[in-house]
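Open your viewer and get your selection tool ready. We will take this tour one stop at a time.

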Number of protein chains: 4
Amino acid sequence: MSPFHEVYRENVLKPDYRFARQHLAEHFLNAMTAHVLTVKRLDDAAVQAHQADIDKLLAAIAALRAEPLPEYDAEIPDLYFSFNKKLEAQLGQDSVSFLRLGLSRNDLDMTVYKMRTRDLLLIIIEHLCKLRQALLRQAEEHLETILIAYTHHQPGQPTTVAHYLAAIDNVLARHLTQLFNAYRHLNTCPLGAAALAGSSHALDRHYTARQLGFDAPVSNTYDAVASSDWQVEFVGVMQNIALTLSRFVNDLIIWSSQGLYVLPDGLVQGSSIMPQKRNPVALEHARTRFSRTLGSSQMVLYSSHNISYADLNDFGPDIQGALISLFIQLDGGLALLTTSLEDGWFDREKLAKQAACTDTTATELADVLTRQYDLSFQEAHRLAGELVKSLCKKGKALQETTVDDLLALGGPKFDEDILRAALDPDTFVRRRNGFGGPAPEVVRKHLTHAAQALDKNLVRLKQLKTTLTEAQQNLQAPGKERV
Amino acid sequence: MSPFHEVYRENVLKPDYRFARQHLAEHFLNAMTAHVLTVKRLDDAAVQAHQADIDKLLAAIAALRAEPLPEYDAEIPDLYFSFNKKLEAQLGQDSVSFLRLGLSRNDLDMTVYKMRTRDLLLIIIEHLCKLRQALLRQAEEHLETILIAYTHHQPGQPTTVAHYLAAIDNVLARHLTQLFNAYRHLNTCPLGAAALAGSSHALDRHYTARQLGFDAPVSNTYDAVASSDWQVEFVGVMQNIALTLSRFVNDLIIWSSQGLYVLPDGLVQGSSIMPQKRNPVALEHARTRFSRTLGSSQMVLYSSHNISYADLNDFGPDIQGALISLFIQLDGGLALLTTSLEDGWFDREKLAKQAACTDTTATELADVLTRQYDLSFQEAHRLAGELVKSLCKKGKALQETTVDDLLALGGPKFDEDILRAALDPDTFVRRRNGFGGPAPEVVRKHLTHAAQALDKNLVRLKQLKTTLTEAQQNLQAPGKERV
Amino acid sequence: MSPFHEVYRENVLKPDYRFARQHLAEHFLNAMTAHVLTVKRLDDAAVQAHQADIDKLLAAIAALRAEPLPEYDAEIPDLYFSFNKKLEAQLGQDSVSFLRLGLSRNDLDMTVYKMRTRDLLLIIIEHLCKLRQALLRQAEEHLETILIAYTHHQPGQPTTVAHYLAAIDNVLARHLTQLFNAYRHLNTCPLGAAALAGSSHALDRHYTARQLGFDAPVSNTYDAVASSDWQVEFVGVMQNIALTLSRFVNDLIIWSSQGLYVLPDGLVQGSSIMPQKRNPVALEHARTRFSRTLGSSQMVLYSSHNISYADLNDFGPDIQGALISLFIQLDGGLALLTTSLEDGWFDREKLAKQAACTDTTATELADVLTRQYDLSFQEAHRLAGELVKSLCKKGKALQETTVDDLLALGGPKFDEDILRAALDPDTFVRRRNGFGGPAPEVVRKHLTHAAQALDKNLVRLKQLKTTLTEAQQNLQAPGKERV
Amino acid sequence: MSPFHEVYRENVLKPDYRFARQHLAEHFLNAMTAHVLTVKRLDDAAVQAHQADIDKLLAAIAALRAEPLPEYDAEIPDLYFSFNKKLEAQLGQDSVSFLRLGLSRNDLDMTVYKMRTRDLLLIIIEHLCKLRQALLRQAEEHLETILIAYTHHQPGQPTTVAHYLAAIDNVLARHLTQLFNAYRHLNTCPLGAAALAGSSHALDRHYTARQLGFDAPVSNTYDAVASSDWQVEFVGVMQNIALTLSRFVNDLIIWSSQGLYVLPDGLVQGSSIMPQKRNPVALEHARTRFSRTLGSSQMVLYSSHNISYADLNDFGPDIQGALISLFIQLDGGLALLTTSLEDGWFDREKLAKQAACTDTTATELADVLTRQYDLSFQEAHRLAGELVKSLCKKGKALQETTVDDLLALGGPKFDEDILRAALDPDTFVRRRNGFGGPAPEVVRKHLTHAAQALDKNLVRLKQLKTTLTEAQQNLQAPGKERV
């Protein structure tokens with residue numbers, strides 16, 4: 001008979017068990033192995049006398065990896081005790097004692113959660129790098145493609161598609177730094193902290209940490225089990241990425257609405273009633289993934305709010321599902337967005353058509369009036385503004401301005417070539433060649449730097465993954481652990 | 001007559017003006033000065049011909065610092081144009097042209113907002129350091145004061161007040177790193193980006209950045225004006241700190257509720273109806289400051305959500321008030337909490353009384369049974385559990401256990417000294433002397449390291465502040481700018 | 001071959017399909033049936049000519065209910081088209097035309113989502129009623145059990161357990177009203193709105209609404225498909241309930257921490273390392289359920305933020321999972337809390353012990369000084385305050401005050417009986433017999449009213465459920481629909 | 001000398017005092033008056049003997065209304081005690097005793113907060129009604145103006161401006177109901193609850209409630225002071241309104257971006273650098289007001305989260321500022337949006353041009369094929385889709401379709417008139433004349449109903465305001481109170 005109330009089992013133990021079984025089982029086995037390896041090296045007489053038993057225990061844990069994971073059992077509280085039960089059935093209680101000794105679910109769970117979360121961090125890093133690659137590739141193709149940048153929802157100034165994409169890439173580069181920083185903050189090992197005060201057994205926590213690919217043990221055992229800042233930092237970076245991407249995808253959706261950006265067939269959907277429809281659903285669903293990421297993050301924040309420092313449950317077992325679901329949202333959004341960038345395309349013709357009929361070179365006209373015709377900036381700005389208005393009344397675009405139009409408003413007599421150049425979007429962009437500007441050669445240089453920085457990130461990612469893979473391999477083959 | 005609708009003035013322009021006047025005026029003057037200094041160095045004929053006018057303009061901007069800030073004026077849209085109006089009235093439009101040239105409110109505003117936010121970051125860094133100092137001081141006084149740590153809201157294990165406080169300090173040390181990282185991400189200069197595409201005037205953006213104490217100009221001009229990630233990172237760290245402190249203050253409130261932590265008279269309040277009351281109001285109000293910080297952060301996140309990349313208004317002028325109010329909440333909470341720690345005290349007598357009557361050394365009894373009497377951990381754990389239950393029925397505490405009590409439950413015959421030591425909270429703590437544990441000598445060493453790390457943070461803070469102060473001084477005295 | 005990109009399928013179509021299959025299938029079949037029944041009544045020649053075909057279609061839809069739901073199929077976009085495919089395979093395209101005609105996924109989906117959400121509302125109403133029953137039962141048992149109410153985390157005044165529980169019940173009664181209001185707002189039918197502009201086929205939307213148990217059709221077809229306020233209202237009530245319960249469960253946890261409230265064995269858990277532990281886990285997990293409800297709610301709010309009115313995807317298919325997960329959290333918390341109240345108990349002895357040794361009757365002492373000894377309230381309040389302080393120095397509790405203690409502080413000479421009564425918690429409570437006060441006879445009357453109001457709510461709930469059940473039964477048996 | 005620590009004064013008492021002085025002073029005087037009036041009717045000998053003194057006290061409180069409010073005073077904790085101090089200085093302690101008796105800041109504050117919040121509710125109700133009036137007026141002008149409704153960011157179907165606006169109005173009508181419901185839930189009076197257990201003085205709480213315009217006293221004194229659900233309900237409705245309006249304003253911004261909706265000069269702003277700009281700033285700032293409303297709401301929710309039921313501070317004094325700032329945001333957004341609707345206009349010419357060149361009547365073409373040419377819906381839908389594609393390749397719009405185009409794709413031979421009608425947006429709309437559809441006569445009827453329902457809301461609002469005004473007038477003139 002179960003020692004637990006049915007309501008408690010149905011609402012807590014069973015769903016938690018299933019969650020741990022699906023998402024955490026391997027990490028549990030790794031952490032258990034690392035702990036037993038540490039126990040094995042204790043100077044205690046009892047431990048020294050039972051080295052063979054401990055080896056058998058290690059082998060039994062290793063064997064669990066190959067077996068199907070145990071189904072939920074109403075008599076035990078969680079996956080860890082389910083493993084214990086299997087081991088005890090096989091080896092007897094005395095041998096399994098070397099697993100239990102100096103170990104609490106507090107430090108074990110927290111270790112497992114951190115291992116799981118660092119996996120998620122590495123996946124997000126990898127996928128963000130992939131998105132940057134897609135961005136840089138698109139940017140390289142559109143170094144000279146004019147894009148009319150809107151500000152305040154009105155046509156603002158010409159820039160290039162590459163300049164826009166490089167700006168987004170710049171933000172993602174900062175997000176990568178934040179992700180690596182979050183990884184470093186997270187990657188310290190709780191094991192050996194036991195319930196919170198450590199153990200009176202002289203466990204070598206540095207050794208344990210090394211086995212599991214952590215940089216070091218957490219330097220205070222209470223901190224090791226009770227702090228939730230690592231997950232809040234994780235969430236903070238996810239929020240930041242989600243907001244950047246929600247803004248980027250919003251532009252892609254608007255451009256898609258105007259036919260400036262086009263998705264291939266596999267990423268659009270028709271309508272059940274409107275025969276003409278070609279909906280950019282990949283982008284739309286990406287957008288909601290980012291909204292959900294932002295919402296999910298609040299689950300994590302609320303769970304750490306107004307609780308005692310030693311309340312481990314709220315941000316421990318009860319919030320891991322929210323962390324994973326937040327990750328799934330963001331990662332799904334990343335996948336949809338990256339695919340949309342890899343397989344979609346900017347429509348050069350429509351972009352060119354848009355560039356040809358806006359008034360967005362008025363800024364340069366004012367600049368030229370200041371620089372070459374000696375007007376004060378204020379006067380130049382006023383004159384250009386009036387010109388736009390007067391042309392608008394005549395139904396003409398700014399690019400159709402004649403020398404006479406300017407004279408009629410009391411402006412200087414322009415040289416025809418100077419006027420045409422001042423009103424040309426390509427020239428507008430080429431002249432903006434200061435540091436960070438949209439001129440093609442400036443952006444080309446920027447993209448080269450960005451690609452180099454991205455390569456360094458990929459190298460760093462590979463190093464982190466190798467460390468974890470090696471640790472994992474050693475733990476799977478008892479006797480091969482690092483010393 | 002105002003060109004703006006009354007509803008627009010009352011709901012937007014007037015409150016925004018007052019906000020800028022109160023919080024941003026000096027930063028506007030600094031950024032304007034840096035821009036004019038940059039314009040002055042342009043190779044343009046017009047600029048070279050008017051060096052004296054430009055110097056007069058610089059002097060006039062410098063003079064504005066000493067004058068009372070202009071009151072709200074219904075005819076102008078904002079503080080920047082209010083300064084312009086004053087300057088034009090004094091110098092005429094032509095001179096002021098050298099301020100307007102190549103400058104947009106987009107890059108100017110964003111520069112000012114970043115300068116303001118880095119000030120806030122430095123204040124929070126400073127106050128967090130102060131809180132850590134108070135924590136470390138309290139910790140040093142209580143290296144041996146036993147604290148019964150609760151887990152799951154039940155007495156768990158003995159540790160020390162110092163061990164607990166050192167754990168909190170550990171988290172705050174990580175928060176300091178996050179704050180310094182946020183500073184570095186933020187501290188690049190938007191100026192010269194103009195509307196978003198830079199200027200066709202060859203402005204030296206590296207020079208401008210240096211004048212204002214930035215590490216570098218933002219390396220893409222669209223990124224310079226359109227990215228909100230720096231404020232979302234700021235908010236992410238504030239959330240993290242608020243959650244850590246909400247958990248810490250919650251413990252202080254609980255301890256205060258039980259008389260274990262005591263506030264001095266100036267930080268408590270009585271009741272208007274209950275004569276006996278002495279309410280720990282400083283801690284209570286600190287708690288709500290952290291709740292409000294968390295809530296405020298959502299204003300910033302919502303403002304950057306589902307908007308276009310070029311929508312600068314949402315996270316620009318319209319959200320600066322929220323950033324400042326979020327800062328005020330967190331900083332107020334920090335002040336209340338730091339004062340409560342500086343002036344309050346742990347009641348050693350009551351803590352000792354609490355330590356004497358709990359069952360929290362049961363873990364060590366089980367450890368001793370495993371280590372010295374050769375029981376398996378499971379057996380030892382079961383026996384200790386039964387002992388607590390049987391004593392409870394007799395109304396006895398665990399520390400009153402006799403050798404016979406254990407024998408009666410089928411346990412081993414204990415040596416009296418071993419039993420007493422196993423049940424003693426001080427011994428419990430002293431034996432937990434592994435890395436990160438609560439044993440006084442371990443925590444003492446930890447505190448020394450923490451103090452050294454904190455000192456390094458203070459040195460770094462000082463450097464950052466010096467850079468800003470020097471930049472500010474140079475800008476106030478035209479002609480003394482850095483080259 | 002699938003017409004959809006693999007990334008789109010894996011991240012959107014497949015998980016959405018599984019979700020719809022698990023949570024929405026029956027509602028889809030109901031709505032499809034109601035639509036075909038409405039089409040059948042069209043005056044069109046084509047429709048009138050194919051009545052038999054339409055009846056076959058209805059029978060085929062009814063038959064789908066008995067069959068296993070189709071597995072995910074990479075060639076179709078969603079569950080609705082999966083049903084279509086099956087029906088077409090069986091009946092041919094012409095017959096199924098009467099399902100497609102005038103129907104859009106926009107109105108169909110929204111109808112299904114509303115039907116699903118009203119189910120959730122009814123479950124929450126039912127479970128909240130159950131919690132109120134448990135509360136009222138506990139309250140009735142403790143009409144005279146003194147509870148020391150804390151304010152500002154310090155002992156405040158005596159009240160009774162019943163008075164406290166009746167207060168919580170009062171809030172829940174208001175929540176029930178909010179739930180019924182949300183039901184009424186939600187319960188209008190979108191079907192017939194088609195994409196958003198209705199259909200040129202003369203569908204009788206009132207008839208359709210009636211078939212599905214809705215109160216009426218939505219009175220504007222754009223509103224029918226594009227408004228998300230009904231789900232935001234649902235979320236608003238969930239937030240409110242979660243906050244009320246988070247505060248209530250927090251008190252139960254504190255009382256449990258002090259042994260004043262006790263959970264039975266099936267609702268507590270031990271520790272893997274601390275043998276003495278008995279953790280009130282049912283309450284702890286209830287608390288996080290409420291935190292998660294609050295966080296989840298942000299997913300729903302973000303999804304409706306800064307989108308166009310016609311963006312149906314964000315708050316439609318993409319947010320239904322969040323609504324259900326929010327429901328699961330709140331409902332799980334309700335179950336854990338209700339069980340904890342049904343099976344747990346207040347420890348009368350410990351409550352009495354706590355009541356005996358606090359200073360919380362000081363308010364009444366001041367009241368008596370004002371009422372019977374003619375002191376001003378301020379003077380009485382000051383004197384009672386000084387008395388508490390002076391007794392505290394002597395280590396005495398307020399209830400041990402002697403007549404001389406008061407004289408010594410310059411107070412009046414008390415009659416011994418009056419003094420004892422003024423200091424007695426039971427008397428304190430009995431004297432507070434004004435409207436809403438804790439005096440047992442007042443609370444008893446209040447509980448009777450509450451029980452009657454609750455009964456009315458249960459009757460209303462039953463009516464709503466009956467309406468839905470009857471509609472459902474009619475739709476399952478074609479030919480028996482209501483006219 | 002101040003009894004309060006400087007840090008506590010600067011961070012808590014001083015800002016709270018200023019807030020109360022600015023926002024709550026009148027309500028404090030009202031509640032104090034109502035309490036003294038209630039005390040005056042006590043049957044106590046002391047009270048009966050001092051009726052004249054009580055009248056003097058009432059007169060003195062009334063006189064405070066005419067005096068300047070006292071400045072912050074470091075010796076007193078809050079505004080209430082500041083009033084007390086003034087009254088005692090004038091009348092002596094004995095007279096003021098009749099104010100203090102049976103009164104706690106707990107019930108006094110909560111009463112004041114509720115009175116303030118119900119004012120805010122009435123203002124929002126009034127301004128929402130005003131927005132609806134502007135909506136209905138615009139709708140009436142555009143019953144026949146075709147609007148191409150986008151779904152999934154692509155042109156979907158023709159509807160009318162009026163149909164769209166009527167949909168938004170429908171949602172606002174539901175929000176008004178929610179606001180009235182929130183008012184009813186809130187409008188019960190806490191006074192007489194004292195600290196939480198009521199008073200042993202027989203205060204007539206029904207009488208007090210009546211004086212202050214409340215519907216009734218709260219029926220449990222603990223509930224009266226400790227429940228925060230009324231403010232969470234307020235916040236829930238604000239969130240809902242903010243989301244609806246964020247979606248509506250988003251459409252206006254998009255239309256404004258395309259020139260379909262135009263703002264007058266007073267509601268747009270130019271650029272400091274781009275001469276051609278005319279930015280729809282009133283709409284942009286409205287949008288951020290709604291974002292900030294949503295963010296602010298989290299301050300209120302966090303403040304009630306994971307606190308004890310008797311923790312009145314968190315959602316009491318410490319959160320009122322957040323409630324007001326949330327109100328200011330929403331109300332500012334309402335003002336900007338309403339003005340934009342009152343003074344802006346839809347550009348009929350541009351809307352017509354847009355209607356002429358989309359493919360959005362394809363749905364009707366399919367409907368006609370089904371209804372009049374006997375195709376199955378699926379076949380009709382497929383044919384219309386292919387037609388759009390083939391025309392698109394030829395650079396032709398759907399409205400240019402010829403009878404031959406359809407024949408070429410294997411479609412039926414259309415009658416020319418039937419074809420033209422099927423492709424005409426006006427006809428599309430006129431044919432959709434079912435319940436809730438866009439056909440002008442249907443929307444006209446809907447608008448009439450909406451206007452009538454709105455009038456009823458305005459009557460109800462006026463009644464609520466009259467009740468409060470009368471109560472207020474009676475309290476200002478002592479001796480005229482209601483019995």
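Start by selecting C:Asn220, in the loop of chain C between strand E4 (216–217) and helix H10 (221–226). Keep in mind as you look around that this model is predicted.

Is C:Asn220 buried or exposed? Its relative accessibility is 2%, so C:Asn220 counts as buried. Now show what surrounds it: leaving aside neighbours within four places in sequence, C:Asn220 is in contact with residues including D:His163, D:Ala166 and D:Asn170. Zoom in on D:His163, whose backbone oxygen lies 3.1 Å from a polar atom of the C:Asn220 side chain.

Next, select chain C and chain A together. Turning by 180°, with 0.0 Å of shift along the axis, superposes chain C on chain A with an RMSD of 0.0 Å. That is the relation of a two-fold axis. The same surface serves both copies, as 100% of the contact residues of chain C recur in chain A.

Stay with this pair and color the contact. Chain C gives 57 residues to it and chain A gives 57 residues. About 4600 Å² is buried between the two chains, with carbon and sulfur atoms giving 55% of that area. On the chain C side, pick out C:Tyr8, C:Ser272 and C:Arg292, which lose the most area to chain A.

Which side chains meet in a salt bridge here? Select C:Arg287 and A:Asp311, at 2.9 Å from N to O. Six salt bridges are counted between chain C and chain A.

Last stop: highlight helix H12 (281–303) of chain C. H12(C) gives the most to the side touching chain A, with 16 residues.

Terms used: Residues numbered from 1 in each chain as written. Chains lettered and ligands numbered in written order. Predicted model: local features only at pLDDT ≥ 70, side-chain atom pairs only at ≥ 80, totals over all residues. Heavy atoms only, no water. Least-squares fit on C-alpha atoms with pLDDT ≥ 70 in both. Contact = heavy atoms within 4.5 Å. Helix = DSSP H or I, 4+ residues; strand = E, 2+ residues; numbered from the N terminus. Buried < 20%, exposed > 50% of the residue type's maximum accessible area, 1.4 Å probe, protein only. Polar contact = N/O pair within 3.5 Å; in protein donor to acceptor, adjacent residues only side chain to side chain. Buried area = accessible area lost by both parts, 1.4 Å probe. Salt bridge = Lys/Arg side-chain N within 4 Å of Asp/Glu carboxyl O.
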